[in-house]
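This report describes selected features of one protein model.

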Amino acid sequence: MLRQSHTGLAPDGKPFNLFTLTNQQGMRIQLMDWGATWLSCQVPVDGGLQEVLLGAQVPDYLKQQAYLGVTVGRYANRIANSRFRLNGRTVYLNANQGKHQLHGGEGFDKRRWQVEKCGDNFVQFSLFSPNGDQGFVGNVQVKTTYRLTEQNSVRIEFEALTDEDTPLNLTNHAYFNLDNASQGTDVRGHFLQLNADYFLPVNEQGIPNAPLKAVQGSSFDFRQEKTLAQDFLQQEQQLTKGYDHAFLLNGTQPCAVLTSSNRQLSLALSTSQPTLQIYTGNYLAGTPNRLGHTYQDYQGIALEPECLPDTPNHPEWQKYGGIGKKNRPYKQWIEYQFGVNN
C-alpha cells in the first residue's frame, strides 16, 4: 500500500514529498523526494513495529551531515585531491572535505528528485545531473527505485545513462541499528558476518594508501561472525576511529549479515556491487535524531555497497567498476532482507 503526504518547505520553496509503503505483513518504509532519501524502516516484531533505520525529523535532513539514508552520487566515497585523469585529460572536482571530494560534493543527496512513477509497493525517483555538475564531465540521467516486498525486504535499484565517460558510483547511505534506531544505542554489540577476503587500507582522511590487503589474521576478518566490538580500534582502524573501510566482496549472496545484540533481528544484505563500505558511525555525534535529540558516535552502522573509493585515480581497480561509459546503461541493486529470529 502506498500513501503520499507532504510537510515543511525545502530550499526550493516547495514541500518535502513523503511516500509511505506498507506490505501485508505490516512492515513499513518511508521515503522522501529530497535526496531520494530512505527516512524510516519499521519491521514487525512481537506484534509491534521496530525502527531499524537511523533518521531525523524532516527539516533536520537539511543540516545533518551524516548522509542519513540518502542516495549518494555521482561518486560515493572519496576522490583524492578532488581530481583525476580520464581519457587523457585531468578533471578537477569541487572539494567538500578538505582538499578531497566526498560523496559527489554538493551531490545528489542535496537535490529535489522527481517522482518518475510509483505503485502499491514501489517509488521511482529520477534526477538529471548536467555536464560540469560538481566538476564532473558529461550529462547523466539517474533513476533510483525503492521496492518493499512481501518477504520483508527492501530492494533499491539504481539506473543511469551518461553521454560521456565519467565516474559513476551510486549507493544508499542507510545507517542501521537493530536494537534501537530511533533513540540510539551503541551498535558495537551487533554481530556481523561478511563474505570478503580483502579490505582496502586508508589514511586518517579515508584516502586509500595501500593495495588491497587480505583480512586473514587481522581485525578486519568477519568471515566468521563476530561482534563489532571484538576487535574494535585495532590496527588500521586507529587512523579512522573505527571501521570506515571498503571490503572486496567474494560474490556470495548474501554478502553480509548483521544481527542485533539480542539476536532477535537480522539483516541480510545482497548486492550487485563489488565492494561494501563498513562505517561504524565513528563521527555520528551531534547528528539529529527523530526525537529532537542527537545521536552519539557508534550508534549506527552504515553498510554501503559501492565501488572502491578513489577508483578514478586507480586504473587497476576500474575492473571492479566506478567509471560510467558513454551511452552504456549503468545498473546496480541492493537488497536488505529483514528477519525475526524466534
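Phe-19 is buried, with a relative accessible area of 2%. In this predicted model, Phe-125 likewise counts as buried, because its relative accessibility is 0%. A search of the whole structure finds 17 aromatic pairs. The rings of Phe-19 and Phe-125 form an edge-to-face pair, because their centres are 5.8 Å apart and their planes stand at 75°. This pair links distant parts of the chain: Phe-19 belongs to strand β2 (residues 16–22) and Phe-125 to strand β12 (residues 122–129), 106 residues apart.

Phe-125 also pairs with Tyr-146; the ring centres are 6.2 Å apart and the planes lie at 80°, so this pair too is edge-to-face. Since Phe-125 is in strand β12 and Tyr-146 in strand β13 (residues 140–148), the pair ties together parts that are 21 residues apart in sequence. Tyr-146 counts as buried at 0% relative accessibility. Elsewhere, one aromatic cluster is formed by Phe-199, Phe-220, Phe-222, Phe-232, Tyr-243, Phe-247 and Tyr-298.

**Nonpolar cores**

In soluble globular proteins, nonpolar side chains tend to be buried together. Which residues touch the most other members of the largest nonpolar core? Among its 58 residues, they are Trp-38, Phe-176, Tyr-336 and Phe-338. If residues up to four places away in sequence are not counted, Phe-176 touches Trp-38, Val-52, Leu-53, Leu-54, Val-187, Leu-258, Leu-267, Gly-300, Ile-301, Leu-303, Tyr-336 and Phe-338. There is also a second, separate core of 18 residues, which includes Met-32, Ala-56, Leu-68 and Leu-284.

**Strands and their pairing**

Strands of a sheet pair through backbone hydrogen bonds, either parallel or antiparallel. Here, an open sheet is built from 6 strands in the order β17-β26-β25-β22-β19-β20, with antiparallel pairing. Its edge strands are β17 (175–176) and β20 (213–214), each of which pairs on one side only. Strand β19 (residues 196–199) is joined to β20 by 2 bridges in the antiparallel sense, and Tyr-198 stands opposite Ala-214 in β20.

Another antiparallel pair consists of strand β8 (residues 83–86) and strand β9 (residues 89–92), which are joined by 4 bridges. Arg-83 has Tyr-92 in β9 as its bridge partner. The two strands β8 and β9 form a hairpin with 2 residues between them, and Asn-87 in the turn has a positive phi of about 55°.

**Arg-290 in its loop**

Arg-290 is found in the loop between β25 (275–279) and β26 (301–306). The side chain of Arg-290 makes a polar contact with the side chain of Glu-51 at 3.4 Å and reaches the backbone oxygen of Leu-53 at 2.7 Å. Apart from neighbours within four places in sequence, the residues in contact with Arg-290 include Leu-39, Ser-40, Gly-55, Gln-57, Ala-181 and Tyr-295.

**Salt bridges**

Side chains of opposite charge can pair when their charged atoms come close. The model contains 16 salt bridges; examples are listed below.

| Asp-109 | Lys-110 | 2.7 Å |

Because Glu-236 lies in the loop between β21 (226–227) and α1 (237–240) and Lys-213 lies in strand β20, the pair ties together parts 23 residues apart in sequence. Glu-236 counts as buried at 16% relative accessibility, and Lys-213 as partly exposed at 37%.

Technical notes. Residues numbered from 1 in each chain as written. Predicted model: local features only at pLDDT ≥ 70, side-chain atom pairs only at ≥ 80, totals over all residues. Heavy atoms only, no water. Pairing = 2+ DSSP bridges. Core = buried A, V, L, I, M, F, W, Y, C linked by side-chain atoms within 4.5 Å. Buried < 20%, exposed > 50% of the residue type's maximum accessible area, 1.4 Å probe, protein only. Contact = heavy atoms within 4.5 Å. Polar contact = N/O pair within 3.5 Å; in protein donor to acceptor, adjacent residues only side chain to side chain. Salt bridge = Lys/Arg side-chain N within 4 Å of Asp/Glu carboxyl O. Phe/Tyr/Trp six-rings, centres within 6.5 Å; stacked < 30°, edge-to-face > 60°.
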